[in-house]
Each structure stands twice: as C-alpha cells, then as structure tokens.
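Opening the notebook on this one.

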Number of protein chains: 2
Amino acid sequence: VKVFLNGRLVTVDAAALDIADRGFTLGDGLYETIAVKDGRPARLPAHLARLRRGLGVIGLALAETDAALEAALGYIVRANDIEEGVLRLTVTRGPAPRGLMPPERPTPTLLIVGRAQRLGDRPPARAVVATGTRRNEHSPLSRIKTTNCLDAILALKEAAAKGADEALLLNTKGNLAEAAAANLFLVIGGRAVTPPIADGALAGIMRADLLRHIDAAERTLKPADIGQASEAFLTSSLGVRPLVAVDGIAVGDGRPGPVCKKSQEIAWTAEDAVRP
Amino acid sequence: VKVFLNGRLVTVDAAALDIADRGFTLGDGLYETIAVKDGRPARLPAHLARLRRGLGVIGLALAETDAALEAALGYIVRANDIEEGVLRLTVTRGPAPRGLMPPERPTPTLLIVGRAQRLGDRPPARAVVATGTRRNEHSPLSRIKTTNCLDAILALKEAAAKGADEALLLNTKGNLAEAAAANLFLVIGGRAVTPPIADGALAGIMRADLLRHIDAAERTLKPADIGQASEAFLTSSLGVRPLVAVDGIAVGDGRPGPVCKKSQEIAWTAEDAVRP
C-alpha cells in the first residue's frame with residue numbers, strides 16, 4: 001500500500017507523522033473523503049473547492065495548487081490500483097511548538113491515503129436522534145470539514161449503544177442538523193427537504209448535487225417532522241443510504257422509497273459525479 | 001530531548017506517529033497541560049482525575065493506571081532535567097481503519113512531552129470578545145479537555161488580527177464561557193466570579209483551586225458585566241494572567257488588581273499545587 005505524504009509517494013510502513021503535528025495535538029486540520037469510480041476521483045472539483053473554503057476559514061495557506069492535489073490523488077489511485085474505492089486527503093497545520101496560536105509560517109502536513117472497496121448501496125439504516133451532544137451551528141466549523149470529529153463520534157457511539165447504526169444530530173436550537181457523517185433528507189408532501197447549512201449541516205457535496213437533481217429544498221426541520229415523512233435517506237460522498245427507522249419508529253412504510261432509489265441512481269450517473 | 005510514547009522513553013527524533021492515528025485523522029483524543037514546579041508535576045491528582053473523566057465521556061479505556069502515568073511523567077521530568085516547566089500528556093484512540101465508529105478494541109496512543117521553561121507571571125493581557133465563533137455548552141466536550149481545539153484557534157487568530165493577545169468566547173446563548181485556553185474571572189462588587197461549567201467553561205484545575213482559595217463564586221456572566229468589573233484575570237494550569245482590557249476598553253483602572261495578585265501568589269503556594 002502506497003500513501004502520499006508531504007510531496008512523496010511512500011509505502012504505508014515508511015510513512016510516519018511528527019509527534020508535534022498540530023493535527024494530532026490540537027485537531028488543527030481538514031479532510032476530504034472522495035469516492036473513486038471507474039478509476040477516477042468523483043466530484044473532484046467540488047471536493048477541492050470545499051477544501052479551499054475550509055483552508056480559508058482556518059487561515060491556512062497550502063503551497064499545492066489544485067492541479068498538484070489532483071495529480072497526487074491520481075498517484076494514489078494508480079499506485080494502489082483503485083478502480084472503485086475511497087480516497088482520504090488530510091491537511092493539517094503541521095508540526096509546531098506547544099500552544100494554540102499557530103506559527104507565523106506553518107509547514108502544513110498533506111496526507112493522501114486510498115484503498116479499493118465496493119461502493120455498492122449500503123443496507124437501510126436505523127438511526128437515533130442523539131441526546132448526548134449537539135452540533136454547534138454558531139461555529140463556522142460546522143460548515144467545513146474539519147478533523148474535530150469528537151461530537152460526531154460520541155453521537156455514533158450513542159447510536160451503537162442503542163442498537164442503531166446511525167445518529168442524527170440536533171443543533172443548539174433543537175432543529176435537525178445532519179447525521180454523524182452524512183446529510184439528512186426527508187420526503188414530506190412528495191418533496192425532498194434537507195436542513196439548511198445555517199442549521200449546522202455540513203455543506204455536503206452529494207447533498208449539493210441532489211438539491212439540483214431531485215429538485216429538493218432546504219428547510220429547517222424539527223425531530224417531529226420525521227413523523228410526517230414518507231421516506232428518509234442519508235447522503236455522503238460515498239453514496240445514498242435509505243433511513244428506514246428513527247428512535248425505533250418506522251419512517252413512512254419502513255422501506256426504502258422511490259426518491260431514495262432515484263437519488264441512489266443519480267449518485268453515480270449525474271454528470272457532476274463523472275466529469276474529469 | 002526525550003519523550004514518552006506508548007510505553008517507551010525515546011528521543012524526540014525517533015518518535016513518530018502512525019498516519020492512521022485517530023487523534024490525527026478525527027481529533028479523537030484528550031490532553032492535559034501540567035506545570036512542573038520544583039521538579040514535580042503540579043496539581044497532578046486533579047489532572048489525572050480530569051483525564052479519567054474525559055476518558056469516560058469519550059468511552060476510551062486506558063491500560064495505564066494513575067501510578068503508571070505518574071511514573072511516566074516523572075521519567076520525562078528527570079530525562080529532560082525539568083526543574084520548572086511544562087508537561088503535555090496526550091491520549092488518543094490510536095490507529096484504526098477509516099470511519100468515525102471506533103474499533104471494538106482500540107490501541108490508544110499515549111504521548112508525553114515536556115520541556116523546561118519559566119512559569120513567571122506573564123504580562124497583562126488585552127483580549128477581544130470573539131465574534132467569529134462560539135463555544136458549544138450543549139456538548140459534553142465543552143467540559144473535558146479534548147484535542148478538538150479549532151474553535152479556540154479561530155478565536156485566538158481573530159484576537160491576533162485585532163491586535164489583542166487573548167480571546168474571550170461566548171457560548172451559544174451569548175454568555176461568557178472562557179478564554180481560548182484559560183478560564184475567566186471578573187471581580188464585581190469586591191467578589192471574584194467565573195462562568196459556571198454549564199455555560200461552556202472548561203473545568204479548569206487552577207479555576208477549581210481559586211474557587212476555594214479566594215472565595216470566588218460561579219455566576220452566569222454577560223459581556224456587559226465586564227464593564228462592571230474592577231479587575232479581571234485569566235487562569236490556566238500554567239498560571240494566572242491579568243486581563244486589563246477587552247475590546248479596547250480598560251477593565252477597572254486598566255492595571256492588575258489585588259485579587260489577581262493574590263491569585264498569582266496562591267497559584268504556586270496553595271497546598272494543592274505542591275502536594276506530591
């Protein structure tokens with residue numbers, strides 16, 4: 001297995017991180033999870049654009065151009081012979097002395113790993129509404145993809161402890177924000193709706209594509225709205241997953257619905273997914 | 001320089017982290033910053049107790065006993081000849097395959113680094129109230145010391161951009177929570193007050209000691225309360241720092257006050273600080 005670390009393609013056993021890396025010590029980093037289909041990173045322009053927005057929010061300059069990042073992702077796809085699979089790109093502010101204040105001239109860490117795996121439709125999910133923590137829609141970090149994932153991890157652990165496999169997170173006002181690592185769509189009155197970014201939803205890339213392709217709308221959603229939904233599904237860069245129960249209660253008739261199925265088809269056939 | 005990494009005392013150049021460490025990839029970790037005075041870790045029982053509470057919140061079992069952690073901290077103090085200085089202990093959920101859900105049997109990473117430095121009183125601070133982000137008092141993570149520090153980093157960067165050297169963070173309700181890496185005390189009507197933990201203040205160890213020793217009280221504080229304060233100061237495990245201005249307006253007469261000076265004395269003389 002080969003990984004890309006700070007400009008070099010190395011075997012995974014030879015790759016190692018500095019113990020002073022601010023990604024490790026302070027969570028001072030961002031990441032992107034990118035599907036590979038037909039040997040190509042899917043929705044790459046959107047992933048790179050989101051990464052750039054994130055770098056802007058945390059105030060980190062990356063020397064690599066988008067073309068250089070695309071080339072590095074391509075190295076990993078080819079070196080590991082990935083026809084279908086997952087890439088993960090992680091950027092941190094790199095090694096620095098102790099203290100929260102970033103160094104004036106950081107030397108960012110850039111890590112890309114990837115592996116082949118099937119991206120087939122996952123089995124329908126059963127979720128709980130997490131009671132242990134909330135998503136902070138007052139932080140700009142709720143809108144970018146940072147490595148500060150502990151709230152999502154707590155929510156997912158709560159779900160597992162309750163026998164579910166996904167968690168829905170509320171924001172601090174008690175509105176639905178998203179799932180632990182996916183966006184939430186409900187179908188209400190025949191139309192797909194999803195919480196707005198301002199409610200603490202990550203600006204998901206599959207979410208943005210579906211908003212266009214299935215004529216979905218952004219709308220503030222309360223937990224009680226789930227009871228009005230004919231179907232529900234979760235979206236991430238790795239696909240669309242039916243959500244058939246929440247807190248032990250079936251959504252709609254408890255089976256994947258037509259809007260979900262259409263979204264699953266669009267996930268890998270929309271021009272956004274496959275353009276180079 | 002020697003560091004302690006996963007049971008071994010190694011030179012800093014020989015120490016390296018796994019690229020799959022969840023501390024790096026997902027911020028799945030905790031830390032403690034511990035002062036060293038007279039060659040001993042200060043307030044060690046309180047630091048270890050807080051670490052254990054944090055491990056409980058994130059659901060991570062650490063094989064090392066408190067005695068083992070104390071021994072490891074002691075190795076670093078002696079190996080690096082630290083009479084006065086700072087230790088940092090970091091625990092993460094260790095290396096794991098991609099995905100938010102923790103592995104069933106994690107192999108935690110334990111890293112201890114330390115170095116000699118003077119813990120003398122720092123110059124008075126000038127702060128801003130951060131406008132770019134808020135602290136999430138709805139998350140149990142606000143009460144433990146995790147490596148998810150990006151909100152605090154954003155707040156400090158905002159302070160630096162405005163020519164200040166500290167940032168005060170509001171919680172999602174608009175009440176004062178704490179500073180980027182310190183607790184906040186105001187002196188109002190002759191009494192020291194500090195935001196309660198429920199308002200998003202970290203359970204600071206120096207904060208807890210001062211609550212006892214200077215007869216301070218916990219009280220919800222609004223930004224407007226700063227205008228009523230005769231003095232203000234910031235506390236962390238590394239000491240007590242006067243806060244003489246907020247958003248360009250002097251606190252009290254703009255100079256360190258008597259309660260702050262008394263707290264600075266107590267910081268290193270209270271029995272809590274020096275007991276083994």
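This is a predicted model: local features need pLDDT of at least 70, side-chain atom pairs count only at pLDDT 80 or more; totals for chains, interfaces and linings use all residues.

Next I asked which residues of α3(B) are buried. I got Leu69(B), Ala72(B), Leu73(B), Gly74(B), Ile76(B) and Val77(B). A reminder to myself: an α-helix has 3.6 residues a turn, so residues three or four places apart point the same way. After α3(B) comes Asp81(B), with a positive phi near 55°.

Then the two chains. I laid chain A on chain B and got an RMSD of 0.0 Å, with a turn of 180° and a shift of 0.0 Å along the axis. The copies are therefore related as by a two-fold rotation axis. In chain A, Phe24(A) has the C-alpha nearest that axis, 2.1 Å from it. Both copies use the same surface, since 100% of chain A's contact residues recur in chain B.

How much do chain A and chain B bury between them? About 4,600 Å², 71% of it on carbon and sulfur atoms. Each chain puts residues into the contact: 59 from chain A and 59 from chain B. Ile19(A), Phe24(A) and Leu150(A) lose the most area in chain A, together 18% of what that side buries.

I checked polar links too. I found zero salt bridges between the chains, but 18 residue pairs in polar contact. Several elements of chain A each supply at least two residues to its side, among them α1 (22-26) and β3 (29-37). α4(A) gives the most, with eight residues.

Technical notes: Residues are numbered from 1 along each chain as its sequence is written. Chains are lettered from A and ligands numbered from 1 in the order in which they are written. Side-chain values use heavy atoms; hydrogens and water are left out. Buried means under 20% relative accessible area, exposed over 50%, partly exposed in between (1.4 Å probe, protein chains only). Helices (H or I, at least four residues) and strands (E, at least two) are DSSP runs, numbered from the N terminus. Copies are superposed by least squares on the C-alpha atoms of residues with pLDDT of at least 70 in both. Contact means heavy atoms within 4.5 Å. Buried area is the accessible area (1.4 Å probe) that two parts lose on being put together, summed over both. A salt bridge is a side-chain nitrogen of Lys or Arg within 4 Å of a carboxyl oxygen of Asp or Glu. A polar contact is a pair of N or O atoms within 3.5 Å; within protein, one must be able to donate a hydrogen and the other to accept it, and residues adjacent in sequence count only if both atoms are side-chain atoms.
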